[in-house]
Amino acid sequence: MTRVAVCMLGVSLAARVHAQTTADAWRALRVADCARCHGKDYEGLAAPSIVGFARTQSRERFIAAILDGNPPMGMPAYRGNALIENHIDAIHRYFAGRADGSIAASATPGRE
Ligand code: HEC
């Protein structure tokens, strides 16, 4: 196989894996109803914008904010919630994509 063909195969596999994890993340966020506090597109309502947070924070801090929460301030801790814990990397990638513009607010992954 030529190097170009190998490269294209890699890209298409990566795109498929990416689409699937984005759909998983999107569904987990819907089921957990993060939008109830963070707004329809997670850009802020009673609680701050998750998209804005992803834009400025490291992956580690982003994941800790969700798993540890901040119960006194009204952010539940999602550690132990299998739905969120099992998809935490995909959730981080989803918001990193929202923050850099590669995923649109209106995107409904897996339903296109
Ligand atoms: C009951 C309301 C509520 C729900 C539901 C909720 N959050 Fe939050 N969240 C908050 C509040 C309030 C804060 C701000 C806490 C603070 O001031 O430190 C917050 C903070 C955050 C932060 C840190 C943002 C920052 O600027 O400090 C992240 C990331 C986050 N939430 C993600 C999520 C995700 C993902 C979900 C769903 C799995 C979710 N939240 C569900 C209320 C909520």
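This is a predicted model: local features need pLDDT of at least 70, side-chain atom pairs count only at pLDDT 80 or more; totals for chains, interfaces and linings use all residues.
Start by selecting Val31: this residue counts as exposed because it has 10 C-beta neighbours inside 10 Å. Val31 sits in helix α1.

Residue numbers run from 1 along each chain as its sequence is written.

**The whole chain**

Show the protein as a cartoon. There are 6 helices and 0 strands, in the order α-α-α-α-α-α along the sequence. Helices (H or I, at least four residues) and strands (E, at least two) are DSSP runs, numbered from the N terminus. Of the 112 residues in the protein, 20% are buried. Among contacts with a separation of 6 or more, 53% are between residues 24 or more positions apart. Two residues are in contact if their C-beta atoms, placed from the backbone, lie within 7 Å.

**Two loops**

Select Asp33, in the loop between α1 and α2. Its phi is near 60°, a positive value in a residue other than glycine. Is Asp33 buried or exposed? Asp33 counts as exposed, because it has 9 C-beta neighbours inside 10 Å.

Next select Tyr42, in the loop between α2 and α3. Tyr42 is not a glycine, yet has a positive phi of about 65°. Tyr42 counts as buried, because 23 C-beta neighbours lie inside 10 Å.

Not counting residues up to four places away in sequence, Ile50 touches Cys34, His38, Tyr42 and Phe95. His38 is 12 residues from Ile50 in sequence and 7.1 Å away in space, C-alpha to C-alpha. Ile50 is buried, because 26 other C-beta atoms lie within 10 Å.

Which residues have the most contacts inside the largest nonpolar core? They are Ala25, Leu29, Ile50, Ile91, Tyr94 and Phe95, in a core of 18 residues. The elements that give two or more residues to this core are α1, α3, α4 and α6 (88-100). A nonpolar core is a set of buried Ala, Val, Leu, Ile, Met, Phe, Trp, Tyr and Cys residues joined through C-beta atoms within 7 Å. In soluble globular proteins, nonpolar side chains tend to be buried together.

Centre the view on Ile91. Leaving out residues up to four places away in sequence, Ile91 touches Ala25, Ala28, Leu29, Ile66 and Ile84.

**Where α4 meets α6**

Select α4 and α6 together. Arg59, Phe62, Ile63, Ile66 and Leu67 in α4 meet Ile88, Ile91 and His92 in α6. By class, this contact has 6 nonpolar, 1 polar and 1 charged residues. For these classes, Ala, Val, Leu, Ile, Met, Phe, Trp, Tyr, Cys and Pro count as nonpolar, Asp, Glu, Lys and Arg as charged, and the others, Gly among them, as polar. The two helices, α4 and α6, pack at an angle of about 120°, with axes 10 Å apart. Axes are lines fitted to C-alpha atoms, for helices over the stretch in contact, and angles run from 0 to 180 degrees between N-to-C directions.

Stay in α4 and select Asp68. Asp68 is exposed, because 12 other C-beta atoms lie within 10 Å. Apart from neighbours within four places in sequence, Asp68 is in contact with Ala77 and Arg79. Arg79 is 11 residues from Asp68 along the chain, and their C-alpha atoms are separated by 6.4 Å.

**The ligand**

Finish at the ligand. How many residues surround the ligand? There are 20, and the closest are Cys34, Cys37, Ala47, Gly74 and Met75. Elements giving two or more residues to this shell are α1 (3-32), α2 (35-38), α3 (50-56) and α4 (59-68). A residue is near a molecule if its C-beta atom, placed from the backbone, lies within 6 Å of it. By class, the shell around the ligand divides into 16 nonpolar, 3 polar and 1 charged residues.
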